[in-house]
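Please look over the sequence and structure shown here before reading the briefing that follows.

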Amino acid sequence: MRLGGETTRSIRPRSDGSGFAVLDQTRLPWEVVWTEIKTAAAAAEAIRTMQVRGAPLIGAVAAFGFALAIAADPSDQGLDAAATMLAVTRPTAVNLAWALARVRRAVSPLPHERRAARAWAEAVAIAEEDAAMCEAIGRHGLPLIAEIAKRKGGRVNLLTHCNAGWLATVDWGTATAPIYAAHDAGIDLHVWVDETRPRNQGAALTAFELGAHGVPHTVVADNAGGHLMRRGLVDLVLVGTDRVARNGDVANKIGTYLKALAAADNGVPFWVALPSSTIDWSLPSGDDVPIEERSAGEVTHVTGLGEDGALQRIRVVAPGSGAANPAFDVTPARLVTGLITERGRCAASEAGLRSLYPEAA
Ligand SMILES: CSC[C@@H](O)[C@@H](O)C(=O)COP(=O)(O)O
């Protein structure tokens, strides 16, 4: 996607397999900084500190990190240790465990000396496939926006939460892929961007991306969505997800559930975009999705650019008051109009998912 004057992806593997570079998302939108990752420990730290975030990108970075670990120690014990170190970095996005299991399946039957090259090739394949899946999500989601544009005969207003854009994936994004596809096809659209407290992925990242691509957008406080929907100012809510349970329940950034409730009350379609690497077939419902509990400091303080151009961290909560910080919530399938995947659109239900993925166990 576009970044400054160039076209780029969110992750840049070195052709010799010695490491990869990622965009440090804790510095965006203020600075574009590429961070070199050369060890599995550095990959784990980048995921843990959210220099990289977003379910599909977490999976890709974990895969490359695992490959680096396997190059350093291809033994079974080495594989166990590296997989555990990477797996515990963040709990909610299933893409992380999915990517580690995939690399492990690819290398386990091989002799030690062939494991490193195979692991790196698998990580590259995961990244390439993610970009292709997101592009396909764009193709399958585009008609939803085109139909509204045709019916309305004017500008289509979308609302999105968090960052499910190309920064959260390898390229294109999940929720943003249909938006970019529609915008590039000449459809007049505008995106309401939820700021997404406490870490402000909407205000900092989605707004940054949409701006770089020339997509008209407006950042709103997280609490504005219901009001905008009641006023008829939202035609479609489109979000990503970190884990979809077998029954179509969807885990996503905290606050998504409230948007789904407001959308249902106002008859606004609520669609969720995902690559198949985000489906957790082992989970019967969203009740069992592990919800990440993050530091209270993310709620008590905000980070931003001061008048002097320096980054500042400011306390916004009364001194002495505690804070809780659940980072994700689960939207029940009954509130989801449908799912957009790389294979097409389906109902948010086990039957819907199986209609697109009949081979799933
Ligand atoms: C394509 S991304 C879908 C989700 O990963 C995204 O909406 C989200 O919730 C990201 O959360 P984050 O905590 O920033 O990793």
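The shell around the ligand takes at least three residues from each of domain 1 (2–129) and domain 2 (137–356), with domain bounds coming from an automatic or database domain assignment. This is a predicted model, in which local features need pLDDT of at least 70 and side-chain atom pairs count only at pLDDT 80 or more, while totals for chains, interfaces and linings use all residues. Residues are numbered from 1 along each chain as its sequence is written.

**Around the ligand**

- Among the 18 residues around the ligand, R53, A55, A164, G240 and K253 come nearest, a residue being near if its C-beta atom, placed from the backbone, lies within 6 Å.
- At least two residues of this shell are supplied by each of helix 2 (55–72) and strand 11 (250–253), where helices (H or I, at least four residues) and strands (E, at least two) are DSSP runs numbered from the N terminus.
- The shell contains 7 nonpolar, 8 polar and 3 charged residues, with Ala, Val, Leu, Ile, Met, Phe, Trp, Tyr, Cys and Pro counted as nonpolar, Asp, Glu, Lys and Arg as charged, and the others, Gly among them, as polar.

- In strand 6 (residues 156–160), 5 of its 5 residues are buried, that is, 20 or more other C-beta atoms, placed from the backbone, lie within 10 Å of their own.
- V156, L158 and T160 point one way from strand 6, and N157 and L159 the other way.
- Strand 6 pairs in the parallel sense with strand 7 (residues 189–194) over 5 bridges, pairing requiring at least two DSSP bridges, and T160 stands opposite V193 in strand 7.
- Strand 6 also runs parallel to strand 9 (residues 236–239), joined by 2 bridges, and here L159 stands opposite V237.

How values were computed:
A residue is buried if 20 or more other C-beta atoms lie within 10 Å of its own, exposed if 12 or fewer, and partly exposed in between; C-beta atoms are placed from the backbone.
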